[in-house]
Structures are given as C-alpha cells and as structure tokens.
Amino acid sequence: GRMRASVERAKSLTADELSVEWEDARKRLLWAAGLRDLTDVPPGQGYTGHAFNDYNHCDATCMLGDVAHNLNDGQDRVAGIAVNNRLGPGIERASLPELGVGGSWSTCTNGCNREPPRDVAHVQFRSRVAFKLVWCPPTFASFVLVDDAGGLLCSGTPRGALPALRERQANFDVVRGSKYEREAIR
C-alpha cells in the first residue's frame with residue numbers, strides 16, 4: 001500500500017539527488033513521503049514547511065484514512081506532544097493521492113529510542129514509519145533515511161541553508177541508543 005510505495009520512492013532517491021541545495025533535497029523527501037510542498041497555508045491546514053526542517057518532524061508516516069483523525073489522547077499518549085494533536089484535515093490536504101489509499105505526514109520522532117518505539121507514528125497513528133531522516137555525527141552535514149527497522153534506504157549531503165546545527169544535533173540525540181542510529185554512525 002501507501003507505506004510500501006513511500007519506502008520504494010525513498011529507496012529510489014540517489015545521493016546526487018539529495019546532495020543539492022537543502023530546499024531542493026527537502027522537496028524530494030516530501031515527494032518520497034507522499035506529501036505536497038505546502039508553505040502558503042496555516043499550520044493544521046496542510047502546512048509542510050516544517051517537514052524534515054527541524055530536529056523532530058523527521059518521520060515519514062503513512063496511515064489509513066480514518067487513523068489520520070486520531071488524537072494524542074488516552075493512556076497511550078506520546079510524552080511531549082499536545083493531547084489535541086489534530087492533524088486529520090491537514091494530512092488530507094497535504095497527501096499526494098497517487099501514492100495510494102490513506103494519508104502521509106511528517107510526524108515527531110521523539111520517543112523512537114524506546115523499544116517498541118513510543119513516537120507519534122507508532123502510538124498516535126498505530127503505524128510504522130516509511131522512513132526516518134537522521135543527521136549523521138560528528139559534523140551533521142549528511143543525513144541518512146532509514147526504514148522502520150533501521151535499515152538504510154539512501155543518504156545525502158545537501159548544501160546551502162540547512163536546518164540549524166543545533167536542530168541537526170538534537171535530531172541525532174533523539175535516536176541515540178536506538179536501531180535508528182546504526183546507519184548514521186557508520
């Protein structure tokens with residue numbers, strides 16, 4: 001389904017495609033995730049300008065349509081994420097239909113260093129990640145995309161206006177000690 005198509009798109013990305021100006025590389029990541037590049041709409045209405053652009057919104061998550069309306073509530077909620085994390089309408093607007101049934105979103109990766117992972121994809125949306133972006137130490141100039149099991153899909157070394165260094169460092173800190181750090185430290 002949709003997640004398999006997203007994984008295949010990520011696998012098809014080459015290092016050359018991802019070693020360009022950051023904003024162009026980010027647009028390729030959005031395409032692989034099945035997301036539109038929407039920066040002229042308000043957050044909650046499909047805005048994707050934050051996707052892969054900070055330390056936390058680095059999980060490409062595909063989900064069935066009804067799950068897109070799940071809230072981060074109840075006893076099984078993700079720590080540090082708003083309870084009323086209402087993403088459904090924005091997910092519907094931002095998702096590329098050609099990837100298949102359901103929707104895509106760039107979800108928060110914090111909590112992924114637990115086993116099983118306790119991040120938004122796994123808890124709020126009861127899904128796996130199609131891929132996770134992890135910036136690579138020690139310079140945090142390159143990144144890897146890994147699948148839900150931590151396997152390498154592709155990598156790149158973009159240039160230009162990258163996310164702030166502290167965001168890239170914090171992105172790695174969130175995955176430290178998990179299966180998702182393995183390819184980033186190779």
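A polar atom of the Asp54 side chain lies 2.7 Å from the backbone nitrogen of His57, and a polar atom of that side chain is also 3.0 Å from the backbone nitrogen of Asn56. Both are polar contacts, that is, pairs of N or O atoms within 3.5 Å in which, within protein, one atom must be able to donate a hydrogen and the other to accept it, residues adjacent in sequence counting only if both atoms are side-chain atoms. The model is a predicted one, in which local features need pLDDT of at least 70 and side-chain atom pairs count only at pLDDT 80 or more, while totals for chains, interfaces and linings use all residues. Residues are numbered from 1 along each chain as its sequence is written, and side-chain values use heavy atoms, with hydrogens and water left out.

Asp54 belongs to the loop between α3 (22–33) and β1 (59–63); helices (H or I, at least four residues) and strands (E, at least two) are DSSP runs numbered from the N terminus. Asp54 is buried but has no salt bridge, and Arg26, the nearest side chain of opposite charge, is 9.3 Å away. Buried means under 20% relative accessible area, with exposed over 50% and partly exposed in between (1.4 Å probe, protein chains only). A salt bridge requires a side-chain nitrogen of Lys or Arg within 4 Å of a carboxyl oxygen of Asp or Glu.

Thr61 has Val129 as its bridge partner in β3. Strand β3 (residues 129–135) is also joined by four bridges to antiparallel β4 (residues 143–146), where Leu145 stands opposite Leu133. Seven of the seven residues of β3 are buried.

The whole structure contains zero disulfides, a disulfide being a pair of cysteine sulfur atoms within 2.5 Å. Cys108 forms none because its sulfur is 9.1 Å from the closest cysteine sulfur, in Cys58, too far for a bond. Cys108 is buried at a relative accessible area of 10%, and Cys154 is buried at 7%.

Conventions:
Lys and Arg count as positive and Asp and Glu as negative; His and the chain ends are not counted. Two strands pair if DSSP finds at least two bridges between them.
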